Each structure stands twice: as structure tokens, then as C-alpha cells.
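Subject: Structure for your review

Dear colleague,

Please find below the structure I am handing over to you.

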Amino acid sequence: MSSQSQTADDHDLVIVVDYGAQYAQLIARRVREAKVYSEIMPHSATVAEVLARKPKAVILSGGPASVYTPGAPQVDADLFDAGVPVFGICYGFQAMAKALGGEVARTGGSEFGRTDLRVGDHGRLLAGLPDQLRVWMSHGDSVVSAPQGFAALAGTDGAPIAAFEDLGRGLAGVQWHPEVLHTQAGQQVLEQFLYDVAGARPTWTAANIVEESVAAIRAQVGDKRVICGLSGGVDSAVAAALVQRAIGDQLTCVFVDHGLLRRGEAQQVEKDFVAATGVDLKVFDARKQFLAALAEVTDPERKRKIIGKEFIDSFEQAAREIVGSSEESVEFLVQGTLYPDVVESGGGEGAANIKSHHNVGGLPDDLQFKLIEPLRTLFKDEVRAVGEELGLPADLVWRHPFPGPGLAIRIIGAVTQERLDILREADAIVRAEVTAAGLDRDIWQFPVVLLADVRSVGVQGDGRTYGHPVVLRPVTSEDAMTADWGRLPYDLLERISSKITNQVREINRVTLDITSKPPATIEWE
């Protein structure tokens, strides 16, 4: 049994059945925020497969289909006779109603976005909530007749029955999306189902995760030696800190300095991380070889492939040196794989049927390490909470997500030392100003992009210039699957623009990218 499944087995489990919803992972995260462990399984899983996981409750997600169209995924009615509490959301709500003898129809009252909800009977699911709520809807079909034994609780103009419950069987559902931030009291509704209907225990906490992960890692590793590749990012740092807490000097970390990080990030790994954890760190200086390999390369995909290959070569060399200098063989490799990686690499098959996800960059099989993935049950926000519990520096724990190829794909054009220096200076100004404004945690990610192959006419010091433009790309997101541009205060944008053009003489124009994802991606390359 893996260390991760041992940890999860110590807690009540909620299975989120995914009906193709863009919010399935968000539902699972909201359950985790209620301190209840959750996993995602596909709608193709049988009732027997779901029940084999011994869930405390099951949540049926939303989805794009109509329950009455041919081929639409259906809920096996046997699920509702298994004695396990079930909560339906949007499509899951309709599928539950249909499977149990209720009626779902296209009423012509489609609702998308914020919608006014009227509560007629609070029951247990909506206990303590106002009689009117603003909720987030996304549906064209509606439940027009509840199944026998269910109490209808609320409705809207387009959904005569928008919530119901059958407490005798532990069944409930809502037409709206309680998991999205736009829904008033959404988390409260989820928690009232989890605690008051399903009887789930709120034991999934950062402290418990650390304690149980440490014990599981010790059991998995024994007295063997372990190696970990540090990238400078949150995931690898927290994974390494967990393993260090468990086995101490049996762990050696490798940091490949490729010269593509932002200002101060290499030093943060070399000094702050080591000071906080006491880890044995080997720094491999590969800056010259990465620059040489990237010379005159402008195609983004070629950049990524070159950086991936150079990283693997550098890591292999460092690993050979560690293995060669050690009296004991190195048997384990630590990776910062997260739960979304597990779900995506398993094709949506959930934690019951997963594939290895090598996020170190495609390490070759002949390295012959066994994997330790202490974060593979966690979402990003949980990783940060664990990092804080382990005492890692706040600047590292709350570091914005940063692409593996680093600044190389934030330079539109060939990568040179001069261009890296220019971009580092501009990026450092942006990060300092956002931090000073207290907005670090309001922004999910903030690429600063250097249009290196573009020249912009400007006037600086009473003279005509042909400098580079930079693009500011502040985005807000919860999971990076979708994102919106961050509405930063104008005075902050003005300070950033003024400081960049005054302090980085090669830049004479600052622009703002206000495109959402989709249609754009977060990074430019």
C-alpha cells in the first residue's frame, strides 16, 4: 500500500462522481475545505466500484448533458439503496431525481449566472439560511416533480424545485452550484450536507496530514537513501520538507540552477529553504549549458524540449555523483505530484485507477528510482497549508505558480543573458510593488513578458529611443483551468510602469494584457 493511501484511509472519504463538470475538482476542493477528505471518480465507475472505496458520502457533480437525451450518463438507482448519503449538484441533482421517479423537463426557463433563489422549507440542508439567496445557476432543464419521499425546499423562476432532501435515506440535492464563490452560503450548504446529513467528521487538517504523511514515509523508506529534485517552486519544496521531516539526513536534494529563475529565487532555495529545513542540498550550476543550448532558439516548443532535456541531463549527472559518493545506494526519488496531476494523468479515472505522473520533466526509466509522492492526494491550497505547518518561509509557500521553463518562455524571442537580465529587473519591480500593495494573495499568477523581438518608439531623457515593450499579465484563478485578468488599482499600475521605464532603460513601454482564459492561456508561450 502506498504512503498516500494509508494517510487517506485514516479519514472519512467523500467520492465526487464526475459527470463532465468543469467544477468537479472544485467540488472536491470545497469538501477538503470542510476538513473532509475527498476523491474524484468518473461517472463510468460502477456502483460496486464506488462502494468498494467505502465512502462516507457521495456527491454527484454537474455536467453538460441533458438527463433525457440518448446516451446521457445516468445514475444507477442501486446507489441510492446502498445506505450511503448522496448529494446531487446541477446535473447530479437532475439525474438523482430521474433515477428515483421524479420528473425532469425543459421548461424554457434556462438560468445562467447569478439567480435569485426562494427558500420555502429550510429543512436540514438549508437550515439557518435566509429565505432568499443569490446562487450561481447553469442549466436548461429543471426538476418539475420531486421523487416520492423527498421534501422540496426551494425554487427559482426557472427551476420550480431547486433543492430537495430525503433525510430518511440521507439523500439531498440542489440545482445550483454551491461550490463556486459566486453562490451565497454555498460552503455552508455543502457543510450542512457533509456534517448534518452524512455525519462526516472534519479531521482532514494540515497538522494531521503532516503527522500521517511523516509516519507513512518512514514506513515506506526504512533506512534507505532518497533523492529529490528542487525546482524553486512550492510543490517540490513542500514535498522535500515533508520527507526531510520524516527521514532527516537520509534525504539529499538537488537544485539544478539553470539560470532561468526570477531574481532571488535561486538564493531562496540555497539559503532560506536549507535554513528552514536543514536539508542536505547539492547545487548543480548549469547556467552556461542551458544558455548555450537555447542560443538563437525562438520557437516556444523547441525551448521547452531543450530545457526539459538539459534538466534531465543535469539531474542525471548530479544523481550519479550523489550515488557514486554514497556508501549506500539511493533507492527513492521524491516528486511533487499533486492530486490534479493524478486525476488528469489517469484520464479522469480517479484515485482508484491512476497512472504515474512524472512532473520532474520526463525522467528516464533507467534511473530506476522508486517514487515517493507525498503530495499526490493534495490540492494546491492544501500544499500551501502543509508548507506553513512545516514552518517554510512565507515567500516560498505563497510563491505564485511559475512555469518549469522559467523566464525562457516569458521572453518572446531568443533567450540571451542580456534579455534575461532585462526581464528579471522588470519582474522584480512588479513583484515588489504588488507585495507592497498587499495584493500578493489576490493574484494567482503574474507573468511579466518581454517582447524581445519587438522595438517600440519612445522618448526618454529628451531623446528618441527604440526600446522593448513588456506585457503585464496579472490573472486571478482558483485552479488555473480558467482564469480572469486581475483588476489592479490604476495607481499601482502607474507606479509599476513608471519604475520599469525609469529603472530598466531598455524598456520604454509597459502594456497590460486583459484577456481571460479561455480564449488565451496564462503564459504567452
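This is a predicted model: local features need pLDDT of at least 70, side-chain atom pairs count only at pLDDT 80 or more; totals for chains, interfaces and linings use all residues.

In which order do the five strands of the open sheet lie, and is their pairing parallel or antiparallel? The order is β14-β13-β12-β15-β16, and the pairing is parallel. The edge strands, each of which pairs on one side only, are β14 (280–285) and β16 (370–372). From one strand to the next, the twist averages 30°. Two strands are taken to pair if DSSP finds at least two bridges between them. Strands (E, at least two residues) and helices (H or I, at least four) are DSSP runs numbered from the N terminus.

Residues are numbered from 1 along each chain as its sequence is written, and side-chain values use heavy atoms, with hydrogens and water left out.

Within the sheet, β12 (residues 225–230) and β13 (residues 251–257) run parallel and are joined by five bridges. Val226 has Leu251 of β13 as its bridge partner. Helix α8 (residues 265–277) packs on the sheet and touches β12, β13 and β14. The direction of α8 makes about 160° with that of β13, where axes are lines fitted to C-alpha atoms (for helices over the stretch in contact) and angles run from 0 to 180 degrees between N-to-C directions.

The loop between β13 and α8 holds Arg262. Arg262 is buried, at 6% relative accessibility; buried means under 20% relative accessible area, exposed over 50% and partly exposed in between, with a 1.4 Å probe and protein chains only. Its side chain makes a polar contact of 2.8 Å with the side chain of Glu265. A polar contact is a pair of N or O atoms within 3.5 Å; within protein, one must be able to donate a hydrogen and the other to accept it, and residues adjacent in sequence count only if both atoms are side-chain atoms. Beyond its neighbours within four places in sequence, Arg262 is in contact (heavy atoms within 4.5 Å) with residues including Arg399, Arg424 and Asp427.

The unreviewed UniProt entry places the feature "active site" at Cys90, His177 and Glu179; UniProt positions are given in the numbering used here, feature names are shortened, and annotations may be inferred rather than shown by experiment. These residues are spread over 90 residues of sequence, yet they cluster in space, with a largest C-alpha distance of 11.0 Å. His177 lies in the loop between β11 (171–174) and α5 (186–197), and Glu179 is found in the loop between β11 and α5. His177 is buried, with a relative accessible area of 5%, and Glu179 is buried at 1%. Their side chains are joined by a polar contact of 2.8 Å. Leaving out residues up to four places away in sequence, His177 touches Tyr23, Ile89, Cys90, Trp136, Ser138 and Thr183. With neighbours within four places again set aside, the contacts of Glu179 include Tyr23, Arg30 and Ile89.

Helix α4 (residues 91–99) is largely enclosed by the rest of the structure, because seven of its nine residues are buried. Among them are Tyr91, Phe93 and Met96.

Overall, the protein comes to 15 helices and 22 strands, and 56% of its 525 residues count as buried.

With kind regards
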